[in-house]
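Here is a short briefing on one protein model and its ligand. Keep the structure open as you read, and look up each residue as it comes.

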Amino acid sequence: MAIQFARAFGADVTAFSTSADKEEEARALGAHHFVNSRESKALNKVAGTLDFILSTINADQDWGVYLQALRPTGTLCFVGVPPSAVSFQVFPLISGLRTISGSPIGSPHQLREMIDVAARHGVKAQTESFPMAKANEAIEKVKRNKVRYRAVLTN
Ligand SMILES: NC(=O)c1ccc[n+]([C@@H]2O[C@H](COP(=O)([O-])OP(=O)(O)OC[C@H]3O[C@@H](n4cnc5c(N)ncnc54)[C@H](OP(=O)(O)O)[C@@H]3O)[C@@H](O)[C@H]2O)c1
């Protein structure tokens with residue numbers, strides 16, 4: 001969803017993923033660039049290039065690398081919740097006037113705006129449907145990170 005919205009906003013969009021096989025899908029959703037975040041060299045290549053990073057990651061990371069990927073005055077915004085406390089060197093924040101932030105879901109007014117943008121730009125949730133009787137199968141697939149991207153149970 002973030003890739004689609006960022007593209008709709010006119011951004012030059014870079015998708016990060018630990019799954020190399022998501023590159024084609026990320027580009028189809030609107031990403032101009034793809035970074036395999038399991039490759040440290042690939043992360044170093046984007047150092048100092050990004051204005052805004054939206055992290056949906058729910059796992060611990062070397063957050064310093066993401067901070068270094070920001071341009072001066074750039075922002076690393078957390079919406080995903082890593083299990084451990086986040087730590088990083090402060091100097092890249094000071095020297096690059098960089099910001100770390102977080103965001104919850106929007107207010108009802110912001111959600112209405114979001115749906116309006118989605119309707120105008122054709123932003124759609126990518127879902128996989130499962131009959132209710134196969135709920136356990138769906139949950140297993142979610143656990144294996146194999147659902148693209150939301151599992152929907154139908155009656
Ligand atoms: N801020 C809010 O208001 C709000 C609301 C709802 C949920 N959340 C939080 O948002 C987070 C994501 O939830 P979701 O339902 O979107 O989960 P999800 O669909 O499973 O997405 C998890 C993301 O983390 C990445 N990821 C997983 N393991 C990783 C690893 N080891 N290293 C790097 N990246 C990894 C995945 O990317 P790849 O598989 O492509 O690498 C994917 O982008 C959760 O922490 C949830 O609690 C926040």
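The points below cover the ligand site, the backbone and a surface patch.

This is a predicted model. Then turn to the backbone, where a cis peptide bond joins Arg-148 and Tyr-149. Finish on the surface, where four residues form a nonpolar patch.

**Around the ligand**

- Gln-61 has a polar side-chain atom 2.8 Å from a nitrogen atom of the ligand.
- Arg-150 places a polar side-chain atom 2.9 Å from an oxygen atom of the ligand.
- The side chain of Thr-56 has an N or O atom 3.1 Å from an oxygen atom of the ligand.
- On its own, the ligand has 920 Å² of accessible area, and the protein covers 62% of that.

- Most peptide bonds are trans, and most residues other than glycine have a negative phi.
- Which two residues does a cis peptide bond join? They are Arg-148 and Tyr-149, and omega is about -20°.
- Tyr-149 sits in the loop between helix H7 (135-143) and strand E7 (150-154).
- Asn-145 is also found in the loop between H7 and E7.
- The phi of Asn-145 is positive, about 60°, although Asn-145 is not a glycine.
- Thr-73 is not a glycine either, and its phi is positive, near 70°.
- Thr-73 belongs to strand E4, which spans residues 70-78.

**Exposed or partly exposed?**

- Thr-73 has 54% relative accessibility, so it counts as exposed; the cut-off is over 50%.
- Asn-145 counts as partly exposed because its relative accessibility is 43%, which lies between the 20% and 50% limits.

**A nonpolar patch on the surface**

- Which residues form the nonpolar patch on the surface? They are Phe-88, Val-90, Phe-91 and Ile-94.
- Together these four have about 410 Å² of accessible area.
- Ile-94, one of the four, lies in helix H5 (residues 91-95).
- Ile-94 counts as exposed because its relative accessibility is 56%, and exposed means over 50%.

Definitions and conventions
Residues are numbered from 1 along each chain as its sequence is written. This is a predicted model: local features need pLDDT of at least 70, side-chain atom pairs count only at pLDDT 80 or more; totals for chains, interfaces and linings use all residues. Side-chain values use heavy atoms; hydrogens and water are left out. A polar contact is a pair of N or O atoms within 3.5 Å; within protein, one must be able to donate a hydrogen and the other to accept it, and residues adjacent in sequence count only if both atoms are side-chain atoms. Accessible areas come from the Shrake-Rupley method with a 1.4 Å probe; for residues, only the protein chains shown count as cover. Helices (H or I, at least four residues) and strands (E, at least two) are DSSP runs, numbered from the N terminus. Buried means under 20% relative accessible area, exposed over 50%, partly exposed in between (1.4 Å probe, protein chains only). Patches are made of residues with over 30% relative accessible area and no salt bridge: like charges are joined within 9 Å, nonpolar side chains (Val, Leu, Ile, Met, Phe, Trp, Tyr) within 5 Å. A salt bridge is a side-chain nitrogen of Lys or Arg within 4 Å of a carboxyl oxygen of Asp or Glu.
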